[in-house]
Amino acid sequence: MSTPLLEIKGLTKAYPGVVANDDVSFTIKSGEVHALLGENGAGKSTLVKMIYGLVKPDAGSMVLRGDPFLPPEPRAARASGVAMVFQHFSLFEALDVAENIALGMENPPKMADLAARISEVSEEYGLPLDPHRIVGDLSAGERQRVEIIRCLLQNPKLLIMDEPTSVLTPQEVDILFQTLEQLRDEGTSILYISHKLEEIRRLCDHATILRLGKVVATCNPRQETVRAMAEMMVGESLHVPERKPHVAGEIALEVEDLSVASPSAFGTSLKEVSFSVSKGEVLGIGGVAGNGQDELTAALSGEVLVAPLQVRLAGAGVGDKGPQERRALGLLAAPEERLGHAAAPDMSLTENALLTGNVRENLAKNGFLDWSSAEGFAERIIEGFDVRTPGPDNAARSLSGGNLQKFVIGREVLQKPSVLVVNQPTWGVDASAAAAIRQAILDLAAEGAAIVCISQDLDELMEISDRFAALNGGRLTDPVPAQGLTVDQIGLMMGGAHDMEVAHHGAA
Amino acid sequence: MDLSAISPTLLIAFLMVAATPILLAAIGELVVEKAGVLNLGVEGMMITGAICGFAVAVETGSPVLGFIAAAIGGAILSMIFGVLTQFFLTNQVATGLALTLFGLGLSSLLGQSYVGIKPPGTAKIDIPVLSDILVAGPILFNHDWMVYFTLALVVAIWWVLKFSRMGLIIRAVGENHDAAHALGYKVVRVRLMAIAFGGACAGLGGGYLSLIRVPQWTDGMTAGAGWIALAIVVFASWKPLRVLLGAYLFGGVTILQLNLQAAGLAIPVEYLSMSPYVITIVVLVIMSAPRKGRASLAAPACLGRAFHASS
């Protein structure tokens, strides 16, 4: 239990303008679950990419089971017993499960043998999976099983998991943890990356905390509070969004019997979605990714047109109106994908401010653009939402994820919408920026706007929502008051654990 | 007009010959597109292959050496596209169009002294007994070796893409280049090899035109065959055996219209000449019409997208 599996000594990696990892050292013991904690941009991903051979360190060394270890490419890392489950799945949607798994193996057996092995291992670890299904048809939880089984088939000594639970329901998380604990008991070490601190406290034996590329603390997560670990990550005390009591106002947005076929082939169609949001209220919509979130956002923003009365704004049907008309009427939306959907990556912040703001902020007069007003609007967003950028002339692409997200949300909030729809408002945003964004949303609601917040972050939804509903397979559950909702209830609303079962390896 | 002058047997036999150059170019482009690269320069690579093959065959007197030169010529030209799109991340559509224009000009320059010359002939393989079979004999067993080579190539590519690890990696790179990179596959290297293979196939197709099908050298002699090859890949939903079907369909239309012209059909020649192209357009429209289900997903997901390793 105490022999070191992997020792990391002084790893350093610099990219132009930023030191991603600065003299990072720590040790992973055999058979332990080791957490790597840190905010976005703290250097977690770069560090594991070096261990997995995707990035070469500038300085420092690693020792794996007593031997120097510096994999030039992922193949070498896999051959040494290091396997990795990626944050954004590294799967091929058009290929089937067995082909996907074969691609992650060095010497895959014949397809028929491999399919049998997949069934065997998936059964053993309680992760049922049909080797012949096309990955594009699988749910997010099932896709993760593909990745995990791909790793397990190689009998790894060290399993790296990068944010594995961000796409799972609470029940699926439980099953994943049981699988991981089983692996640990069999002697596999796990390097677990997450910023969900409750999970770390439940699962991990040891934690190394990174901030701005440096190791700032190590701790035993079972002995720390969540708040203490969060402050180690951020390096300052955290601001918790304040919520003013909300008085039920009149209904601002009503959606009735909304069914929309998904525009993308692997998407989820909406089925008979109905809900209403009143003034000053925040409706949180949870659910695992790919259950109709993007389709619902598109139907609400006007990107997808429906029958007029299916979407009603203050009683008037707007279902057949496009995004600009809806904006004029006060219904604004901020979609999930920052680069390419909510913002045009290669255009400046001024141009991006103008793209959604021209209707409500009068940035175009007689068909001519009013550049000075647009720039003023962009500057107000930058100032009001603490967007860190040299100025409004910079391209949206040049901003970090968190800063661009603050800009995108701020742009809509400043237009004083009567209804605001946000999808994943704090995805990939560090804790302090996320708190600022949530505060802005709550302040907007306090001023009387109705908010629809679609998110996969349940903690976030519980923090800001007045009522909660879940999307599951394109259907929306009936909204219920968020106060007092338990994780189990939420999990069941999100569809439970589908067909997963608890690991029963060794029980037979 | 006299339709009885058209012999079905000869028609089908000619069809196989007429389809061979398009088939070669299309099967090469299919491999390229499976790897996620859209090379619109097929026409340019074909005609470069046509003149390279013609010149070498005339100088050496050996058609086999000519075909080898045609393949090398097409592959070298495709590497211009490969380097530009894979290393300098240029736009694939624009670069492919430029490659076509460049290939047409280059071949015209190289071919100036070869106009009006006859190349060394390539004999038909007359398989005894089999070629005497009624109807099937002349259709199937009385062709030059390139026809058989091309058919074997199509089957080989079908097998490699479907069953081999190399084929799986090619499909993976075309499907999700970021994931392939994360798993440690060399996306750019795989794509460069696919582009070179596609160039060699297009060059062979051009060589077949100038050495066997026509056989002589004239400027711009590919006359849009490269574009038709591109259309056939889409028509075939990126499936090798359907490429064979598409190429024979198009070859059939070409031969049929020539026969109808000869038979004196009372339609202006221009209409008949344009018919293969019209049919290509119609087929493309039908095939690309939006539809439900898996058929619409046949295109590799990363087709035409530039890859740049971010880390």
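Two residues are taken to be in contact if their C-beta atoms, placed from the backbone, lie within 7 Å. The model is predicted, and local features need pLDDT of at least 70, side-chain atom pairs count only at pLDDT 80 or more, and totals for chains, interfaces and linings use all residues. Residues are numbered from 1 along each chain as its sequence is written, while chains are lettered from A and ligands numbered from 1 in the order in which they are written.

Leaving aside neighbours within four places in sequence, B:Phe197 touches B:Gly28 and B:Val31. B:Phe197 counts as buried because it has 22 C-beta neighbours inside 10 Å (20 or more other C-beta atoms within 10 Å for buried, 12 or fewer for exposed, partly exposed in between).

Turning to the interface, 18 residues of chain A are in contact with 13 residues of chain B. On the chain A side, two or more residues each come from α2 (74-79) and α3 (97-103), with the largest share, three residues, from α3(A).

Chain A also holds an open sheet of four strands, ordered β2-β1-β4-β5 with antiparallel pairing; strands pair if DSSP finds at least two bridges between them. β2 (18-29) and β5 (67-68) of chain A each have a single partner strand, so one side of each is left without a neighbour in the sheet. Strand β4 (residues 59-64) of chain A pairs with β5(A) over two bridges, and A:Val63 has A:Pro68 of β5(A) as its bridge partner.
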